[in-house]
Amino acid sequence: MQGNIYSFWKAGADFNMKLTERQFEEVLEMGILLTIEKNHDCLFELIMENAMAITNCDGGTLYLYENDELHFKIMRTESLGISKGGDGEETHMPPVPLREENVCAYSAIHEEVVNIADVYNSDKFDFSGPRKYDALTGYHTKSMLVIPLRNHEGELIGVLQLINAIENGEIVPFDPDYEKVVMSLASQASISISNLRYLGEVKDMMYSYAQTMATIIDERTPYNGNHTKNVTHYAVNFVDYLNEQYEMDCFDDYFDDNRREQLMLAASLHDIGKMSIPLSIMNKSTKLGHLFQGIIDRYKLLKSYYKIDYYEKRITMDQYEEKVAYLSEAEKLVQEINVAPALPEGKEPQIRALAECVYRGSDGEIIPYLKEEEAECLLIKRGTLTKAERKIMENHVVVTHNILSKINFSTHYNKVPQWAGAHHEFLDGSGYPNHLTEKDLPIEVRILSLADIFEALVAVDRPYKKPMSVDKALGILTSMAEEGKLDKKLVAMFGDYIHQLPHKP
């Protein structure tokens, strides 16, 4: 930045007879503003306004180079009150091809400043366009200064065309001494434009990485293929809603572009750690999972064994029928509990009794009706995961943080690993993995947490549960807020946000 400011100072010093002290200060201020401005549209406006102010001209056009053409970005004509292209507005003008007969194209091709005193007395370039424009508007295009915009790597960025320098109310040629100052402005502007483009490319790369990882995560299992996308949608759009409430003095926090972008990335990457979770756990849609068929096959085998025992007179017919009937009832019980979202009331004693039953063969072989692992699965209170499996599943947030911590996020995105890795923490410290409390959880994490829970509740692609209604899901969020787990104000406003959607989940 110091070198860029020096170039402005040198240009101003070389031309100090023309610049007033105030103009000289403005030149330095321009250099600073162009360096720190992070909004493309504002940057383009700064370039145009400053160039026109330095040269005291009536009009100008800023072209951006793309696909071997110069595209109109901003057009200004003060005397006609014309201003197009500000705030990202489309100019709807056809691009200028890179042909030498066009003065802007010539300046771009040859990297030359073109200073023309009177376009009507110049036969070097094709000025039929300005003449037609003058005929239609009554304007009189006379003097013109055209400057190529190239960055520090020599890449063509665009062209700045200034029209009709004014002195004492009269149109005059552009003073050649002004060229150095405007060239310095153009140089700084080109570098700033390039830097913003590079920043945009870095952002695009980061977003594409996040989307790729989210796709990989969701494609690993058919049961939550839309989870990451939906969580990101809820979180980001809720933030936009909160910003609207802020503008209406109904919320006391505002999310600038950087906070919004970091939250978007954190939401897109919040489940990246699930890549480390075995599919047998990720895809476990029933309590027993792959163990279920083993139990069914075992009961068929045991019925056969009891039949042999009867034929070999080790048991009576009554005993045989009793054993077979019990196994049939046991099979129905296992089938029922295996797919139940929660352990049915009164079934726990039956499972424990079943787990104590064994078959004792004549050769001393002992076959349990339920193995220890199978009984543990059937005794799961809610969901489909055992304590050990749930611990493995919960570890995905640790893996998420570890993976993201290895990525060299710039300072603009350094909160992403922290936020993504904390999306299962609760305000009362009952979350995981670090049992963080309210003082440790920024508002972005609180938003990500409630979006994650809400999406899981209303999701339609989970085979182990039916989707919950929006109102019931919001009721659960409210209950969790009352318990001190979630932010009460955010939960209430999230409910308002969901209810104002034209198409509810």
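Colleague: What makes R314 and D309 a salt bridge?
Modeller: The closest N and O atoms of R314 and D309 are 2.8 Å apart. A salt bridge is a side-chain nitrogen of Lys or Arg within 4 Å of a carboxyl oxygen of Asp or Glu, so the pair R314 and D309 qualifies at 2.8 Å. Do keep in mind that this is a predicted model, where local features need pLDDT of at least 70 and side-chain atom pairs count only at pLDDT 80 or more, while totals for chains, interfaces and linings use all residues. Residues are numbered from 1 along each chain as its sequence is written, and side-chain values use heavy atoms, with hydrogens and water left out.

Colleague: Are R314 and D309 buried or partly exposed, and how do you know?
Modeller: Here the cut-offs decide: buried means under 20% relative accessible area, exposed means over 50%, and partly exposed is in between, using a 1.4 Å probe and protein chains only. D309 has 6%, so D309 is buried. R314 has 38%, so R314 is partly exposed.

Colleague: How do you know how confident the predictor is?
Modeller: Through pLDDT, the predictor's confidence in each residue, from 0 to 100. The protein has a mean of 86, and 89% of its residues reach 70 or more. Over residues 1-17, however, the pLDDT is below 50, and this stretch has 27 contacts in the model beyond near neighbours in sequence.

Colleague: How many salt bridges does the whole structure have, and what makes R76 and E49 one of them?
Modeller: A search finds 20.

Colleague: Which parts of the chain does the R76 and E49 pair link?
Modeller: Distant ones: R76 sits in strand β2 (residues 69-77) and E49 in helix α3 (residues 40-55), 27 residues apart. Helices (H or I, at least four residues) and strands (E, at least two) are DSSP runs, numbered from the N terminus. R76 has a relative accessible area of 12%, so R76 is buried, whereas E49, at 38%, counts as partly exposed. E45 joins in too, as E45, E49 and R76 are linked in a network of salt bridges.

Colleague: Where is K287, and how far away is the nearest side chain of opposite charge?
Modeller: K287 lies in the loop between α9 (279-282) and α10 (292-311). The nearest side chain of opposite charge, E336, is 10 Å away. In this count Lys and Arg are positive and Asp and Glu negative, with His and the chain ends not counted.

Colleague: What does the side chain of K287 reach, then?
Modeller: The backbone oxygen of A340, at 2.4 Å. The backbone oxygen of G383 lies 3.2 Å from a polar atom of the K287 side chain. A polar contact is a pair of N or O atoms within 3.5 Å; within protein, one must be able to donate a hydrogen and the other to accept it, and residues adjacent in sequence count only if both atoms are side-chain atoms. The values 2.4 Å and 3.2 Å are within that limit.

Colleague: Why is H423 called buried?
Modeller: Because H423 has a relative accessible area of 2%, and the limit is under 20%. H423 lies in the loop between α16 (416-421) and α17 (443-458). Leaving aside neighbours within four places in sequence, H423 is in contact (heavy atoms within 4.5 Å) with residues including H270, D271 and D452. The H423 side chain also reaches the backbone oxygen of A420 at 2.7 Å.

Colleague: What makes a group of residues a nonpolar core?
Modeller: They are buried Ala, Val, Leu, Ile, Met, Phe, Trp, Tyr and Cys residues joined through side-chain atoms within 4.5 Å. The largest such core here has 54 residues, and F238, L242 and I447 are among those with the most contacts inside it. The largest share of this core, 10 residues, comes from α17. Apart from it lies another core, of 28 residues, among them Y306 and Y320. In soluble globular proteins, nonpolar side chains tend to be buried together.
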